[in-house]
Structures are given as structure tokens and as C-alpha cells.
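Q: Can we go through this structure together, a piece at a time?
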Amino acid sequence: MSDDFLWFEGIAFPNMGFRSETLRKVRDEFVIKDEDVIILTYPKSGTNWLIEILCLIHSNGDPKWIQSVPIWERSPWVETEMGYKLLSEEEGPRLFSSHLPIQLFPKSFFSSKAKVIYLMRNPRDVFVSGYFFWNSVKFVKKPKSWEQYFEWFCQGNVIYGSWFDHIHGWMPMREKKNFLLLSYEELKQDTRRTVEKICQFLGKTLEPEELNLILKNSSFQSMKENKMSNFSLLSVDFVEEKAQLLRKGISGDWKNHLTVAQAEAFDKLFQEKMTDLPRELFPWE
């Protein structure tokens, strides 16, 4: 690996929009409030879809907010320079996102009543989505090949570190009443029921027509057409020209990309790394 990543406490971060000093402040000094709602994910697990859903739950399905404010301002990433600044100045209950592993997350969370929704996804799909995403942006080191990125991902030498470590770090929190564990797969398979589960967790009551509006306005097609959510507003400093950052929004795309040998190697690695966690946690297995 090279200096094209920003390294902090052994974890790789993008080299634009992040600083070691801010990452330290986020962990040690940032104060999480009891009324905050936090979206936690490993990158490429459905973060933006979940942000869109939570924004629409907040507005009872009315799309005005999601169509007028960029997604990164509606739910800033606390570990970024911009997100840290926005959230430090924001009054009242906040909605924000993070990809941080548990050891780098704000320490104040662990004595708070803030609600966390952790969304995980089949790591094979995370890998495929990540390969295309990181090749579309300019703020990270790019792999020389598909094979090299597969090696990086399996070793955890990628942005935000190992998927396996991220899951292992956060899973002990799953029994706590302020922590909701969801999977991209269940969100995709039964969006209505999963949105109802989120509302119950947040103590939010919706009318049936409001729920229908949330489903309609958070669909992949709606997000792809919404310039506030499809990242088309990002400048050419960040994104390769004509890059599509919202690509497919499906489950199981890995079957179209991984070779048989790679799929077998990954299966073996998954069994080795996740043997201590119950299989039913992972609906894709």
C-alpha cells in the first residue's frame, strides 16, 4: 500500500476530506446526544438508500427535503472534515452517518441513548460495488486490476479496513435496545416490512399513505433521478467524468463478476473469519 491513503490507527481513509487530527477529535471529543439517530455501515452496504429512507420517515414521505438538500448535508458523515464541522454546529436532534469501525467511533456514544441503525450487506456484493465505486472517484488509491482489489479486500487493505473486523467490532452491540441490526438483503426483499421495523425502533407512527410515499420516493429509480441523492452534484475534483455512482442497487451481482476460484476462496475465508458468529445473522449465507 502507498501514501495514496490517509492512515489513522492502522485504518486507511480517503486522502481528500479527512484529517488525522479530526479523526482523533471525532473519537475522543465529539459529543453524541441522546436524541441523535446514527446510520452505521461498512462502505457500499446501502448507506445512501438508508439515509433516503430515514429522511423520508422524518418528513412523513414528503420528498421536498430530499429533493432540495444534498444527501451529504441531510446526514453528514461525522468522520469527514465537512461532516464534523456541520454536526458540531447543529442544534437539536441530529441524523448522521458513519463508516467508522467501533474502535474509532465517538467514545461518548457508549454512555448515550442515541439510536444506531447498523446496515450490513453480503461482503461479496460489497466487494463488487466497492471495486466500481472506488474506480469512479479520485480521492483514493486505485487498484491496478480486479485481482489486486480482490486481494486488498480479503486482506482488509481497503478504505475503512477489513469488512470482517468491522462486523466483528459492532456485532456485540446487537442486543442493546438502542441498536438496530438490518441487512441490505432484507431491506431489498421486503422494503415495506423493514421500513415498518425502522419506524418502530424510532418510535415513529406513519399513516399507510405516508409509508407508500416513503417506498415510492426512496426507490432506486427515484434516487437515481434525484440530483440531490445521485452524487451528480460532486465536482470533477472528486469524481471521474461521467461516472455513475449509483450503479445497480441489487443483491447478488457478485455472481456476474467473481470467478469460480475467487468465489470459492472467499467462501473459505468467510467460514474461517465468521465461525464465531451465528449463521442466522447473515441472511445471504
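This is a predicted model: local features need pLDDT of at least 70, side-chain atom pairs count only at pLDDT 80 or more; totals for chains, interfaces and linings use all residues.

Q: OK, the four-stranded sheet then, what order do the strands come in?
A: The order is β4-β3-β5-β6 in an open sheet, and the pairing is parallel. Its edge strands, each pairing on one side only, are β4 (95–98) and β6 (179–183), and neighbouring strands are turned against each other by 20° on average, with direction ignored.

Q: How many bridges between β5 and β6?
A: Five bridges, in the parallel sense, join β6 to β5, which spans residues 115–120; within that pairing, Met120 stands opposite Ser183 in β6.

Q: And which strands does helix α7 touch?
A: Helix α7, residues 163–170, packs on the sheet and touches β3 (37–41), β5 and β6, with its direction making about 145° with that of β5.

Q: Switching to α4, which residues are buried there?
A: In α4 (residues 81–89) the buried ones are Gly83, Tyr84 and Leu87, and because they cover an arc of only 100° around the axis, they lie on the same side of the helix.

Q: What covers them, and what is on the other side?
A: The cover over the buried residues of α4 includes α1 (20–28) and β4, whereas Lys85 and Glu89, on the other side of α4, are exposed.

Q: Last topic, how many disulfides?
A: A search of the whole structure finds zero.

Q: Are Cys55 and Cys154 buried or exposed?
A: Cys55 is buried, at a relative accessible area of 0%, and Cys154 also counts as buried because its relative accessibility is 19%, where the cut-off is under 20%.

Definitions and conventions:
Residues are numbered from 1 along each chain as its sequence is written. Side-chain values use heavy atoms; hydrogens and water are left out. Two strands pair if DSSP finds at least two bridges between them. Helices (H or I, at least four residues) and strands (E, at least two) are DSSP runs, numbered from the N terminus. Axes are lines fitted to C-alpha atoms, for helices over the stretch in contact, and angles run from 0 to 180 degrees between N-to-C directions. Contact means heavy atoms within 4.5 Å. A disulfide is a pair of cysteine sulfur atoms within 2.5 Å. Buried means under 20% relative accessible area, exposed over 50%, partly exposed in between (1.4 Å probe, protein chains only). The arc is that of the directions from the helix axis to the C-beta atoms.
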